[in-house]
Amino acid sequence: MSWRLWVPLFAFALFVGLAAYQLTQPKDEFVQSRMVGEELPYFELPPAMDGVEGVSNASFADGQPRLLNIWASWCLPCIAEAPHLESLKEQGAEIVGVAIRDRPEDVARFLAQHGNPYSRIGRDDLSEVQLAIGSSGVPETFVIDGSGVIRHQHIGDIRADDVPRLLAELEKAR
Amino acid sequence: MIRPLVVSFILMLAFPLAAQQSMPPAPYAYRQLDDPVQEAAAQDLMETLRCLKCQSQSIADSDAPMAGDMRHQVRIRIAAGESPDQIRGWLTQRYGDYVSYKPVVSATTWPLFAIPILLLALAGGVLLGRYRRRA
């Protein structure tokens, strides 16, 4: 029997092996923003409720690094994230909020219940800012440096062990 | 008898989604453009853009609010005179090729296009060899 007869079998075994390996790999459903390293695009959002200031890209370019938190009152992980945003704020981080598809009364109720860590909150009814900075869900948090350049993206809710990491990213962006 | 049925029906309702939709959809999420040529161009483009929330659907197929917001962007940009390729470029600049369903030949995807041609050529070669041997 010629050795050539075995070639298709080996090719098949290789294919099965590759497929089996890929099946055991954890699935990564996160869509990374390509805007990390780029300047914030132009935007101007009205305040998300009475008594807060709105957000524009110009709110960022004053030399101080900030966190830009994309969230919504209807988003359940945002509730889990709230205490960690509070602790980031206590440790000196300035957090700017963008509320996605949200009503002022819902925003006010959420903040009354879970605390308000934000220095400003913009109202993004059409996900315009979210799309412009390459974010694909809520919550997401971006580190913006003092010249308005996006330095880091955190996808999903912030957990306790993400707090020091984000503080370090803020320090790096200084 | 009726009560468990009612309770299970209520449990079936997706409340977080309902909350997301307490806001009206974006103006052009479900409204077509007045110009049929522009609307056709927008529709073609929307069918080849991935919904980021529901990753196996195009934004034309998805009822996720974010897909509606993306359709709104596509339609107002087409109406403002942008070309479909410009809009696709705007999105891939933000989300990478992942957001587009339109296949492109690139540094990572060229084997997908090259391998079938290679295999066809190989099969042709083998067949030709066999015919010659028989003749």
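The model is predicted. Chain B is built from six helices and zero strands. It meets chain A through 20 of its own residues, which are in contact with 16 residues of chain A. The largest nonpolar core has 39 residues.

**Chain B overall**

- Along the sequence, chain B reads α-α-α-α-α-α.
- Chain B has 135 residues, and 23% of them count as buried.
- Take the contacts in chain B between residues at least 6 apart in sequence: 55% of these join residues at least 24 apart.

**Where chain B touches chain A**

- On the chain B side, 20 residues are in contact with 16 residues of chain A.
- Three helices of chain B each supply at least two residues to that side: H2 (15-20), H4 (65-79) and H5 (84-95).
- H4(B) gives the most, with six residues.
- By class, the side of chain B that touches chain A holds ten nonpolar, seven polar and three charged residues.

**Nonpolar cores**

- Within the largest core, of 39 residues, the most contacts belong to A:Leu67, A:Ala72, A:Val98, A:Ala99 and A:Ile121.
- Strands S3 (66-71), S4 (95-100), S5 (118-124) and S6 (140-144) of chain A each give two or more residues to this core.
- Helices H2 (76-90), H3 (104-114) and H5 (162-172) of chain A also give two or more residues each.
- A second, separate core has 18 residues; A:Val31, B:Leu49, B:Val74 and B:Ile78 are among them.
- A:Ala99 can be followed in detail. Leaving aside neighbours within four places in sequence, A:Ala99 is in contact with A:Ala48, A:Trp71, A:Ala72, A:Val107, A:Ile121, A:Arg123 and A:Asp124.

**A helix pair in chain B**

- Two packed helices are described by the angle between their axes and the distance between the axes.
- The axes of H3(B), residues 36-46, and H5(B) come within 10 Å and cross at roughly 35°.
- The crossing of H3(B) past H5(B) is right-handed.
- H3(B) makes this contact through B:Ala41, B:Asp44 and B:Leu45, and H5(B) through B:Pro84, B:Ile87 and B:Arg88.
- Four residues of the contact are nonpolar, none is polar and two are charged.

**Helix H1 of chain A**

- H1(A) covers residues 6-24, which makes 19 residues.

- A:Leu76 lies in helix H2 of chain A.
- A:Leu76 has 14 other C-beta atoms within 10 Å, so it is partly exposed.
- In sequence, A:Leu76 and A:Glu39 are 37 residues apart; in space, their C-alpha atoms are 30 Å apart.
- A:Ser147 sits in the loop between S6 and strand S7 (150-155) of chain A.
- A:Ser147 counts as partly exposed because it has 13 C-beta neighbours inside 10 Å.
- A:Ser147 and A:Glu39 are 108 residues apart along the chain, yet 8.1 Å separates their C-alpha atoms.

Terms used. Residues numbered from 1 in each chain as written. Chains lettered and ligands numbered in written order. Predicted model: local features only at pLDDT ≥ 70, side-chain atom pairs only at ≥ 80, totals over all residues. Contact = placed C-beta atoms within 7 Å. Helix = DSSP H or I, 4+ residues; strand = E, 2+ residues; numbered from the N terminus. Nonpolar A, V, L, I, M, F, W, Y, C, P; charged D, E, K, R; others polar. Core = buried A, V, L, I, M, F, W, Y, C linked by C-beta atoms within 7 Å. Buried ≥ 20, exposed ≤ 12 C-beta atoms within 10 Å, placed from the backbone. Axes fitted to C-alpha atoms, helices over the stretch in contact; angles between N-to-C directions. Left-handed = near helix turned anticlockwise from the far one by under 90°. Expected span 1.5 Å × (residues − 1).
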